[in-house]
2 protein chains.
Amino acid sequence: MANGVQSLDRALRILEVLASSDRGLGISEVSRRVKLPASTSHRLLSTLSHRGFVTQLGDETYQLGHKVVEMGQTYLEASQLCRTVRPFLENVGGRTGESAFLVVADRGEAFYVDKVESPRMLRVFSRIGHRAPLYCTASGKILLSGYADDQLKRYLKQTRLIRLTRNTITSAAALRAEVQNIRHRGYAYDLEECEGGARCIAVPLCGFNGRVLAALSVSGPSSRLSRKKMEEVAGFLTGVGKQISAQLGCSIA
Amino acid sequence: MANGVQSLDRALRILEVLASSDRGLGISEVSRRVKLPASTSHRLLSTLSHRGFVTQLGDETYQLGHKVVEMGQTYLEASQLCRTVRPFLENVGGRTGESAFLVVADRGEAFYVDKVESPRMLRVFSRIGHRAPLYCTASGKILLSGYADDQLKRYLKQTRLIRLTRNTITSAAALRAEVQNIRHRGYAYDLEECEGGARCIAVPLCGFNGRVLAALSVSGPSSRLSRKKMEEVAGFLTGVGKQISAQLGCSIA
DNA sequence: AAGGTGTATTCCACGATACGGAACGACTTT
DNA sequence: AAAGTCGTTCCGTATCGTGGAATACACCTT
């Protein structure tokens, strides 16, 4: 069996289906989506609900249970990276007045692990747990710059560089050049490459031996982030990034 | 089988074990804790990691995967309650300058669903996904006040009222009286009943037909929350609670 | 270098266990 | 009243998960 234990794999698919729907689903709806007989779904769902991963609302619908929230949050709390970065994140948010994010690479995407939101009315919003492409975000490009050459090559081969705004980098050659550039500059910009009107600055966070573990980024509207302001933030972030890296056991740089 | 599908139940137990440890665990350690042969744990773990619920670090240890964070966050975002309450929560946090929480009852405990943290250095901190007893928190007592009489009776029978501070209510009779009191007063206090130095005010959020769905609370240090200040906050919160309840479809009150 | 431990992982024959069609009861809809 | 939902329960079958044994690797100690 390719995916290991059948019943477990099916149950996880059910969880994903429940997560993908913004309301609760009935058994038959779940069964339809995961392509299983109702009796099988029912059996799996009742096991899931015994353990609190799923809750059964009165009106015959199943929803994700509180357990998944609990586990997700525990995971974040437990994460060494998150614990270390949190106070810096708050500092960066406070000093810049913009939203700040902690981002890691997961399965070829940028994954938002933690955030501090700007207090301003107009602010960049991103959920924790949100995913975004690597090639068009400042954090993503930082993470790409930590890829080894063959890793980057593989990434470029299996990723379509879709145009999201008129500034999105859509050619592999240009992206390769950008990554080169970022590598010796030490920080990355996103100049409305992902979403119109939003700019972003990111720096790498490195662990021992200098491997890139994550990216720290600041995002805000172009109206507040002029080129000059971005340079300022880049300088500030670079310093913070080095401090964090040192705390994470990085002796280089 | 009491707990339904065996393999799934075992896998969920493995997830819980991984969540309960703040570092990654090796296969043999996992096997020891869930009392399963290593080969079985291995099979389940590899299925879990195929679906991203578990990640395998290089050095032979398994950790919860990003999927659980993603799902947990999706759950919160999707939740109707959370979406409705969020803006009010920010408002309450801003107006009072203290931490504000959205809390629901889950399995006889208070479950923290969302929060806004105080900007002050000294502030009440609680994680999203955190659990606390019902009997000694303002939110918890609000949630108890929404229990039907037989539900409350059952709760009192199966819960030990452990003394956490010198103000903790530890007799069933006193708690029953407190709940009665809260029911017609419409808000609850926690006067250092749970943690020394911390006070709290909570109001109920009701859905259609007036059933208590959740509690909205404000927590801060006793030094800033004088009795007079608490009364003020209680008045303010009561109004906000009614607004939210109306939005949640509550026509009563 | 040999012998010990501790890991993680793969294999396989056995039989427990999960499977899914069918049947049920309680609903709406036609 | 009939035909469609829906969720849930039952049960005989064979599939699928099981766990011990074997393997492989890394690390100690002797």
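A crossing of two helices is left-handed if the near helix is turned anticlockwise from the far one by less than a right angle, and right-handed if clockwise. The crossing of H4(A) and H4(B) is left-handed. Helices (H or I, at least four residues) and strands (E, at least two) are DSSP runs, numbered from the N terminus.

This is a predicted model, in which local features need pLDDT of at least 70, side-chain atom pairs count only at pLDDT 80 or more, and totals for chains, interfaces and linings use all residues. Residues are numbered from 1 along each chain as its sequence is written, while chains are lettered from A and ligands numbered from 1 in the order in which they are written.

Start where the two protein chains meet. The contact draws 36 residues from chain A and 36 residues from chain B. Residues are in contact here if their C-beta atoms, placed from the backbone, lie within 7 Å. On the chain B side, H1 (6-20), H3 (38-50) and H4 (66-78) each supply at least two residues. H4(B) gives the most, with 12 residues. That side of chain B holds 17 nonpolar, 11 polar and 8 charged residues. Ala, Val, Leu, Ile, Met, Phe, Trp, Tyr, Cys and Pro count as nonpolar, Asp, Glu, Lys and Arg as charged, and the others, Gly among them, as polar.

Now look at the two H4 helices. The axes of H4(A) (residues 66-78) and H4(B) come within 7 Å and cross at roughly 125 degrees. Axes are lines fitted to C-alpha atoms, for helices over the stretch in contact, and angles run from 0 to 180 degrees between N-to-C directions. H4(A) and H4(B) are therefore oblique to each other. Angles under 35 degrees count as roughly parallel, over 145 as roughly antiparallel, 65 to 115 as roughly perpendicular and the rest as oblique. Among the residues that meet are A:Val68, A:Met71 and A:Tyr75 in H4(A), and B:Val68, B:Met71 and B:Tyr75 in H4(B). This helix contact has 10 nonpolar, 4 polar and no charged residues.

Within chain A, H1(A) and H3(A) also cross. Their axes come within 10 Å at roughly 75 degrees. H1(A) and H3(A) are therefore roughly perpendicular to each other. A:Ser7, A:Arg10, A:Ala11 and A:Ile14 in H1(A) meet A:Ser41, A:Leu44, A:Leu45 and A:Leu48 in H3(A).

Next comes the DNA. DNA strand C is surrounded by 19 residues, the closest being A:Ser39, B:Gln6, B:Gly26, B:Ser28 and B:Ser39. A residue is near a strand if its C-beta atom, placed from the backbone, lies within 6 Å of it. The surface near DNA strand D has 6 nonpolar, 10 polar and 3 charged residues.

Finish with the sheets. Chain B has an open sheet of 6 strands in the order E5-E4-E3-E8-E7-E6, with antiparallel pairing. Two strands pair if DSSP finds at least two bridges between them. E5 (131-133) and E6 (188-191) of chain B stand at the edges, each with a single partner strand, so one side of each is left without a neighbour in the sheet. In chain A, 4 bridges join the antiparallel strands E6(A) and E7(A). E6(A) and E7(A) form a hairpin with 6 residues between them.

Conventions: Contact = placed C-beta atoms within 7 Å.
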